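Subject: Handing over a structure, with notes

Dear colleague,

I am passing on the structure below, and after it you will find my notes on what was found there. Please read them with the model open beside you.

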Amino acid sequence: MQENYVAGIDIGGTHFRIGAVDADCLVHAFRKVKAAEIFLSGNPLEDLKGYLGAYLEEEGLTKKVKAFSIGFPATLNRERTVVLQAPNVSYMENLPVVEHLREYFGIPVFIDRDVCMTLCYDLRRLGISKEGILIGCYFGTGIGNVICIDGKPLIGKDGVAGELGHIPVPDSREACGCGNVGCMENIAGGKYLARLCRETYTDTRIEDIFVKHGGERLLRDFVDRMAIAVATEVNILNPDHILVGGGVPNMKGFPLSLFEELIRRHTRKPYPERALRLHFVKDDNMKSVIGAGIWGMEQMVTVGNSCTVIAPAY
């Protein structure tokens, strides 16, 4: 093993993923565990600190990991130091993650939204330049969204730009974890599919919902709402590239050709639809960890950190 790594970490609602990412973007000591097995005490910062300390010691990485880079399914403050609100991981709110971990471990700690890390991975894998306007739309439990302009994520005045999943939908009365009613992700994300399996398709596992019911109106309307969300952002920003992925579009039987057709149908004519560069990206068990590693390396170079980790080439 080499001597310098960034620990790439993805904290999701269900799983916690971590790995030591080297300068060639290879992952060492990868782990995927249930988040519920880590966050037990009611004090998520202490739980996180304890798990990371044990991971470094058990994997022989205590002096080899030069930074932590963590992706959260959450809104963060503008300075990217505090997790503000996580509708799908409610125990992670108002957490000063960077200060807490940096003081304890004595190394840099970088945090951002998980979709920023995922987009880093997908851009590198596809060989897409960071110049111009790039959009990532990732449909999982909710809708993850990131907007990059010339390589820099759009943050916004309060740090919470790009919340595509929380655009309001007329006539929807679904309560959202963000505190509002009628947000798009409640009817165009995985939580809607889970509800269909509980209430309508009670004999169907969620992973089989498109295989068994993909041609029915409820599912076709669902895919149409996903397409409306993507097309809305395309029509506003006229991006150079738009990457679409996440667990939902990668489900068995998902009608990808219909999804693209509907995105194009809702996109303004003739432009930006005529020149739309749309990329559907696959899921990978390690992509969020690799993306977090890439993100951390880039931040270390950006801030002029003295560590010897080298940023990967695009």
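Ala-29 is found in strand β3, residues 27-34, and has a positive phi of about 55° although it is not a glycine. Helices (H or I, at least four residues) and strands (E, at least two) are DSSP runs, numbered from the N terminus.

Before going further, please keep in mind that this is a predicted model, in which local features need pLDDT of at least 70 and side-chain atom pairs count only at pLDDT 80 or more, while totals for chains, interfaces and linings use all residues. Residues are numbered from 1 along each chain as its sequence is written, and side-chain values use heavy atoms, with hydrogens and water left out.

Two other places in the backbone deserve a look. Asp-171, also a residue other than glycine, has a positive phi near 75°; Asp-171 lies in the loop between β10 (152-153) and α5 and is exposed, with a relative accessible area of 80%. The loop between α9 (256-266) and β12 (278-280) holds Pro-270, which is joined to Lys-269 by a cis peptide bond with omega of about -5°. Pro-272 has its place in the loop between α9 and β12 as well, and a cis peptide bond with omega of about 15° joins Tyr-271 to Pro-272.

Now to the interior. A nonpolar core is here a set of buried Ala, Val, Leu, Ile, Met, Phe, Trp, Tyr and Cys residues joined through side-chain atoms within 4.5 Å. The largest such core has 36 residues, of which Phe-16, Phe-68, Ile-70 and Val-97 touch the most other members. At least two residues of this core come from each of β1 (5-11), β2 (15-21), α1 (35-38), α2 (44-58), β4 (65-72), α3 (97-105) and β7 (109-113), and α2 supplies the largest share, six residues. Apart from this core lies another, of 35 residues, including Cys-137, Tyr-201, Val-248 and Phe-254. In soluble globular proteins, nonpolar side chains tend to be buried together.

Which residues is Ile-70 in contact with, leaving aside its neighbours within four places in sequence? Taking contact as heavy atoms within 4.5 Å, the partners of Ile-70 include Ile-9, Ile-11, Leu-48, Val-97, Leu-101 and Met-117.

Helix α8 (residues 217-237) has 21 residues and reaches 30 Å from its first C-alpha to its last, close to the 30 Å expected, the expected span being 1.5 Å times one less than the number of residues. Among the buried residues of α8 are Phe-222, Arg-225, Met-226 and Glu-233, and the helix is followed by Asn-238, whose phi is positive, near 50°.

Grid points are joined across faces, edges and corners, and a volume is the space filled by probe spheres set on the points.

The largest pocket has a volume of about 1,300 Å³, and of the 45 residues that line this pocket, Asp-114, Phe-139, Gly-140, Thr-141 and Gly-142 are the closest to its centre. The structure also holds one cavity of 30 Å³ or more; about 70 Å³ of space lies in the largest cavity, whose lining includes Cys-116, Lys-130, Cys-148 and Trp-295. Helix α4 gives the most to the lining of the largest cavity, with four residues.

Finally, two residues make a contrast.

With best wishes

How values were computed:
Buried < 20%, exposed > 50% of the residue type's maximum accessible area, 1.4 Å probe, protein only. 1 Å grid on protein atoms, 1.4 Å probe; cavity = no way out; pocket = protein on both sides within 12 Å on 5 of 7 lines; lining within 4 Å.
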